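This briefing goes through one predicted model, beginning with a helix pair and moving on to the fold as a whole. Please keep the structure in view while reading.

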Amino acid sequence: MIETLANEPALNTAWFLVIGLFWTGYLVLDGFDLGVGMLMGRIFARDEKERRLLLNTIGPVWDGNEVWLVTAGAATFAAFPFWYGALFSALYLPLTLLLLALILRAVSIEYRGKGSSARWARTWNGILALSSGAIAFLIGAALALTTTGLPLDANGDRIGGAFAWLTWPAVLGGLGFLGFALVHGLAFLALKTSGPVQERAQRTLVRLLPVGLLPLAGWVLLVQVRDGVGPTWALTGLAVLGAVLAWAFARAGRDGAIFAGSAVFLIAGAAAVFLAVFPVVLPTTLAGGADLTVTSAASSQYTLKIMTIVGCFGLPVLFLYQGWSYWVFRKRLRTEHIPDAHDVRELAEHPTRTA
């Protein structure tokens with residue numbers, strides 16, 4: 001791996017690493033608010049006020065976290081257009097479903113508070129939980145396929161029907177990110193709330209964490225057994241250590257350390273996967289096919305130079321703004337901070353009243 005990094009063109013390697021950073025940032029940051037979204041159903045939260053508390057924990061940051069997904073896709077399109085084209089054409093169906101789930105998630109967050117009946121709120125709570133789970137599964141499946149392979153011919157075209165992508169590694173990756181998102185969401189609630197919701201999140205973490213992180217660990221190990229080298233195995237060990245520490249901290253009730261351990265598990269595991277497959281960006285599962293690499297899938301060096309100049313100005317702004325927003329909304333929340341819900345019809349009839 002180290003020798004390969006040195007032999008590839010510098011800008012190709014740099015943008016592969018930057019895209020890996022974008023995806024890792026998305027998985028860590030949007031991971032916890034997808035997990036909170038999945039918990040908006042009727043299993044975790046006990047009443048409407050607790051569900052509104054859950055929504056308020058991610059309200060200031062969830063749409064900012066999705067910027068990482070948009071940036072990762074845009075950077076892939078610009079830096080590695082053949083990777084982007086092959087992946088998006090091969091995954092046309094799941095990515096269409098992903099787009100639908102992203103739309104439904106945004107709509108449910110905005111619409112659930114616009115009605116005045118319990119049935120209205122329950123409907124949008126269910127849509128939010130289901131769409132959040134679908135996003136996590138489909139993102140995990142797509143990323144798993146970029147490391148385990150798709151049936152691509154020598155031209156980079158998919159061979160097979162609309163469900164040729166639905167392999168057991170894709171299911172493993174999908175379950176992996178879904179399970180991680182649930183665990184990471186619980187860790188975030190333990191860190192961001194106080195009172196009964198925090199205590200319930202801590203208890204649930206102790207039971208769920210080992211099972212929830214197991215599929216993602218399986219995906220990382222699958223890639224390592226096939227492509228791993230010394231440094232990537234070391235990163236895998238660090239990921240396992242992060243998971244073990246997160247579980248130990250959950251038993252001890254150390255909220256910040258739980259969240260940090262969960263994040264270390266994801267960051268180290270993602271780094272191990274991305275570096276193990278380098279320089280391949282999309283392997284083929286066909287004997288006569290051709291892998292896409294950072295060289296064969298890349299844009300021209302001129303394009304990469306322009307992207308690098310723009311990125312040197314844009315990336316610091318992204319990092320600073322996200323850091324500032326998390327700092328501003330760093331305080332813990334509890335149900336006492338959530339005001340009673342208003343009746344939309346009553347406000348329409350009496351516009352001078354406040355909620």
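In this predicted model, helices H11 and H13 run roughly parallel to each other, because their axes cross at roughly 30° and angles under 35 degrees count as roughly parallel.

**H11 with H13**
- Helix H11 covers residues 214-227 and helix H13 covers residues 255-277, and their axes come within 9 Å of each other, in a crossing that is left-handed.
- On the H11 side the contact is formed by Leu-216, Ala-217, Trp-219, Val-220, Val-223, Gln-224, Arg-226 and Asp-227, which meet Phe-265, Leu-266, Gly-269, Ala-272, Val-273, Ala-276 and Val-277 of H13.
- Sorted by class, this contact of H11 with H13 comprises eleven nonpolar, two polar and two charged residues.

**H11 with H12**
- The crossing of H11 with H12 is left-handed, and the contact brings Val-220, Leu-221, Gln-224 and Val-225 of H11 together with Thr-232, Trp-233 and Thr-236 of H12.
- By class, the contact of H11 with H12 holds four nonpolar and three polar residues, with no charged residues.

**Leu-172 and its surroundings**
- Leu-172 belongs to helix H9, which runs over residues 168-192.
- Leaving aside residues up to four places away in sequence, Leu-172 touches Pro-215, Gly-218, Trp-219 and Leu-222.
- Leu-172 and Gly-140 are 32 residues apart along the chain, while their C-alpha atoms are separated by 8.2 Å.

**Annotated spans**
- An unreviewed UniProt entry lists several stretches as "transmembrane region", among them residues 165-192, 204-225, 231-250, 257-282 and 302-324.
- Over residues 165-192 the chain is 89% helix and 0% strand, with the end C-alpha atoms 38 Å apart.
- Residues 302-324 are 100% helix and 0% strand, and the end C-alpha atoms of this span lie 34 Å apart.

**Overall fold**
- The protein contains 15 helices and two strands, and its C-alpha trace spans about 65 × 45 × 40 Å along the principal axes.
- The radius of gyration is 21 Å, which agrees with the value near 20 Å that a compact globule of 355 residues would have.

Definitions and conventions: Residues numbered from 1 in each chain as written. Predicted model: local features only at pLDDT ≥ 70, side-chain atom pairs only at ≥ 80, totals over all residues. Heavy atoms only, no water. Helix = DSSP H or I, 4+ residues; strand = E, 2+ residues; numbered from the N terminus. Contact = heavy atoms within 4.5 Å. Axes fitted to C-alpha atoms, helices over the stretch in contact; angles between N-to-C directions. Parallel < 35°, antiparallel > 145°, perpendicular 65-115°, else oblique. Left-handed = near helix turned anticlockwise from the far one by under 90°. Nonpolar A, V, L, I, M, F, W, Y, C, P; charged D, E, K, R; others polar. UniProt positions renumbered as here; feature names shortened; annotations may be inferred. Rg over C-alpha atoms; globule rule 2.2 N^0.38 Å.
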